[in-house]
Amino acid sequence: MDLHLTITPRQRQFIDADADEVLYGGAAGGGKSYGQVVDSLIFGLKYPGSKQLILRRTLGELEKSILRIASDIIPPSVGKYSRTEHVLRLCNGSLVDFGYCAREDDVRQYQSAEYDVIRFDELTHFTAFQYTYMLSRIRGANGFPKRMKCSTNPGGVGHDFVKERFIDSGVLPGEVFSVKGRTRLYIPATVRDNFFLMKSDPGYLERLNELPDRERRALLDGDWDIFEGQFFPEFSRDIHVCEPFDIPPEWRRTVSLDYGLDMLAVLWIASDSTGRAYVYREFCSGRDNAADGGRPLIAGEAADEILRLSGDEEISAFLAPPDIWNRQKDSGLGIADIFAEHGVPVVKAGAQRVAGWQAVKEWLRPIEDEMGNRTSRLKIFSQCRYLIRSLPLLQHSEANYNDVSVTPHPITHAPDALRYFLADRGSSSPDVAAEPDRSEQFIYADY
């Protein structure tokens, strides 16, 4: 059957890929969705009676991308699409389902389903749970290849897990690697690889080149360290991360924490006399990305660990979110009371999210020192790996652009602890923060 389909070399590499899990994409204009449709068509025609699923986050996204492409290239003699069932039936009995999962638990609608190939178009719009759950739906005794084939750009709620799963593998792009007996492959693609687009719209490349540096690096180069929707584009390892040094004894030391049974995130922060702050120690423990292998800590254990790590340091205050003062129905005690019983007298931090995140932005904002070098009022010791990893991954909330998205939840804990510390310390200019003693006396007097 001759369909007269023309593809790029990168799309051919994606179609021919036989790794268990394949990721295709990176920059804008690489022809990712087109590659998914062509690949699904070729697979379906090659394996009569096969079943595939193509997922987008919403039905609207499906209709504006994947389904539009499919209707353009698949003739009625080859396959017919049912708008009511959202399924493409090919002439040889193969099926291609089109689905969407706007909410995280929407994947459970596929609990009893079986597919030979599942395809996520724009994988970073999905969560790690959704991805790993759908891996379990790839099964069957028919002998057909079983694949997870995905395409995406950087950014979105799943940016972190996609980057960790495919990009930060330690092997070169285009090379197959193995993790726990399963093979993975990342195929990068940029607009330069899509010679059809370059020929039909040569000005597109020029328009991408005119974007500001960060947007250009994300959309043109497919830089996975820069992505659309990033809440803290100010963050830079070169500016905000420093090597550890001995904290002078006269500097004020504060502990700021975010506590829940799913995760405990604790930051030790020192303030100097010039209005700068240094995060010099962290401890993150719990179900998500835990320092101790994933063991949640009850309140008493958390308090004991904070005291142990603080040693004989003189801590000026232990800041905690207001919700730990909520009383438990059975005991009448709050989490704050348990912390106090174990020797950690916590005080309430400001609960304002938007104002708090704006304060973090101001403290991260690059400034020039007396030598003309770019620096910032906030520094983070290089050993605080969890905070360094989490800050640049935070995204704008879809509900409120001025707030941070609460998903993916695991990366919000350490930044929340930082927000509690910075929220009440002045954010309008370096001069405001240059008098830490006066502002902190005001804060603690309220409690």
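Two strands pair if DSSP finds at least two bridges between them. Strands (E, at least two residues) and helices (H or I, at least four) are DSSP runs, numbered from the N terminus. The model is predicted: local features need pLDDT of at least 70, side-chain atom pairs count only at pLDDT 80 or more, and totals for chains, interfaces and linings use all residues. Residues are numbered from 1 along each chain as its sequence is written, and side-chain values use heavy atoms, with hydrogens and water left out.

**Stop 1**

Select strand 6 (residues 117–121) and strand 7 (residues 147–152), a parallel pair with five bridges. Ile118 has Met148 of strand 7 as its bridge partner.

Next, select strand 1 (residues 21–26) and strand 9 (residues 182–189). They run parallel and are joined by six bridges; Val22 is partnered with Leu185 of strand 9.

Val179 has Arg182 as its partner in strand 9. The two strands form a hairpin with two residues between them, and Lys180 in the turn has a positive phi of about 55°.

**Stop 1: two helices**

Select helix 2 (residues 32–46) and helix 4 (residues 66–73). They pack at an angle of about 55°, and their axes are 9 Å apart. That angle makes helix 2 oblique to helix 4: under 35 degrees counts as roughly parallel, over 145 as roughly antiparallel, 65 to 115 as roughly perpendicular and the rest as oblique. The crossing of helix 2 and helix 4 is right-handed, a term used if the near helix is turned clockwise from the far one by less than a right angle (anticlockwise is left-handed).

**Stop 3**

Move to the open sheet of seven strands, in the order 10-18-13-12-11-14-15, with mixed pairing. Met263 is opposite Gly286 of strand 13.

**Stop 4**

On a 1 Å grid over the protein atoms alone, a cavity is a set of points where a 1.4 Å probe fits but cannot get out; a pocket is an open set with protein on both sides within 12 Å along at least five of seven lines; lining residues have an atom within 4 Å of a point. Grid points are joined across faces, edges and corners, and a volume is the space filled by probe spheres set on the points.

Select Gly156, Val157, Gly158, Gln395 and Pro408. Of the 46 residues lining the largest pocket, these are the closest to its centre. The volume of this pocket is about 1300 Å³. Helix 5 (128–135) and helix 6 (159–167) each supply at least two residues of its lining.

Finally, find the second largest cavity, of about 30 Å³. Its lining includes Phe166, Phe177 and Tyr186.

Methods. Axes are lines fitted to C-alpha atoms, for helices over the stretch in contact, and angles run from 0 to 180 degrees between N-to-C directions.
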